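Good morning, and thank you for coming. Please look at the sequence and the structure as I show them now.

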Amino acid sequence: MANKRKRDDASSSELGIDPLECILRKLPSFLDVLRFKRVCRSWYSVAENYVSGPCFSPSSQTPWLLLPSYEEDWKEDDDKEERGLCFFNLEEKKEYRDVSVCREVYEGRCVGSSHGWLILLDKKGNLSVFNPFSGARIQVGSLIQDLEFTYVDAYTLGEHPRMLVSKAVVMSDSKKNKHKDGVVMIYGRKLVFCPYNDGRFIELDGAHPPYQDIICSSAHMVFALSEAGSVEVWDFSGEYFPTKIMDMTPSFPLKTAELVRSFGDLYSSHFYLVETCRELLFIVRFIGEFVDGDGKPVREGDLLSDEDTQPKICPYKTLLFHVYRLDPHEEKWVEMESLGDQVVFVGGNHSISLRVEDCPGCMKDSIYFTDSYWERVDEDYSYGGHDMGYYSLRDQIVKPFYDTQLWKMKPIPFWVMPNPW
């Protein structure tokens, strides 16, 4: 045994590889790398150098859920900022409260989650990105200094920031290429880009506002989905101003349009754009405005009867999804009855699709969602942030993935892709 250990030590030293790095290379998951980093300072330093080097290539990971942490011994009147946040791991069905990011997220309201980075917007209009796993932070710029800003915008920024910036994404998962990387966001009705190396906000000349969702591809392409179902594609790979390279205006799906009309004010609909390895998806989420305990949508006027002194509490709830794929040749949205082996994650995050074999703990042919009803998420003290679960396209039913009885969750849960940079 001693001779074998000497041979192993000699081989690693001859190759110039730290023995600890040899251990890191054999760790099966990103979670194991996090555990490795927490052993001591020297191990932390080795892990940081390893994940920043050319040899590290993170495998596909199941997104983690960032949500408020409520310990059993906390009281209702405890300082909410001291309650902290935790990560819920779908694979293990376990919460990790020792990944502490509470102050960063409470002070800088999260307006997006993309490639492992949280996009934070504070009350003064300062935009930054923060990696809750590595602790890295990049100051991006100031909305107030660079964009047309009214008194109404200032009030909205202070009270309801996600009504001003409804979605924000980063260009890539690394901070290594600051020349091309940055934040793209939906600011009011506009598309806005701010590169890391500049700090100035640049308005893109979008043709179909208002916009519902934006995503970034690995080739530095940005796709923007409009309220009418059109798609604009921008190329950010050049050295200068982003260039629009495609503008598709497929007709809005008839099935969804008819359902929206028939539902009237019982439902609202939210749209997401998702890129898979093969195609572009248009996902429609139907949310019952007031849903009773039996899962049935009711009208607001029915919440208070002659006998009641207080209205019933019937929070909004997601009940249904429609899925379409883009036929680029015909320029039309084609309905999909199944996602096959894909798992989709939507909400306030960068909408993503992964293969089920890369998502241990998830169900295939399903859409995992968190609350992104920004117009109503803060309207009531008794609920908001609660609307999450997964929708099975095969069973056409919403099921829970996280066991909680809470209707009010603040900060709002977000999907976060594990990212060491």
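This is a predicted model: local features need pLDDT of at least 70, side-chain atom pairs count only at pLDDT 80 or more; totals for chains, interfaces and linings use all residues.

Residues are numbered from 1 along each chain as its sequence is written, and side-chain values use heavy atoms, with hydrogens and water left out.

Let us begin with strand 1, residues 64-68. Strands here are DSSP runs of E with at least two residues, helices are runs of H or I with at least four, and both are numbered from the N terminus.

Which strands pair with strand 1? Two strands pair if DSSP finds at least two bridges between them. Strand 1 runs antiparallel to strand 2, residues 85-89, with 5 bridges, and Trp64 has Asn89 as its bridge partner there. Strand 25, residues 414-416, is also antiparallel to strand 1 and is joined to it by 3 bridges; in this pairing Leu65 stands opposite Trp415.

I turn now to the cores. A nonpolar core is a set of buried Ala, Val, Leu, Ile, Met, Phe, Trp, Tyr and Cys residues joined through side-chain atoms within 4.5 Å. The largest one has 34 residues, and Val231, Ile283 and Ile367 have the most contacts inside it. Strand 17 gives the largest share of this core, 6 residues. Apart from this core lies another, of 23 residues, including Ile119 and Met185.

Finally, how many salt bridges does a search of the whole structure find? There are 14, each a side-chain nitrogen of Lys or Arg within 4 Å of a carboxyl oxygen of Asp or Glu. In one of them, Glu335 and Lys255 have their closest N and O atoms 2.6 Å apart. This pair links strand 19 to helix 10, and the two residues are 80 residues apart in the chain. Glu335 is partly exposed, at 41% relative accessibility, and Lys255 is also partly exposed, at 41%.

Another salt bridge joins Glu379 and Arg376, at 2.7 Å from N to O. Here Glu379 is partly exposed, at 45%, whereas Arg376 is buried, at 7%.

Notes. Buried means under 20% relative accessible area, exposed over 50%, partly exposed in between (1.4 Å probe, protein chains only).
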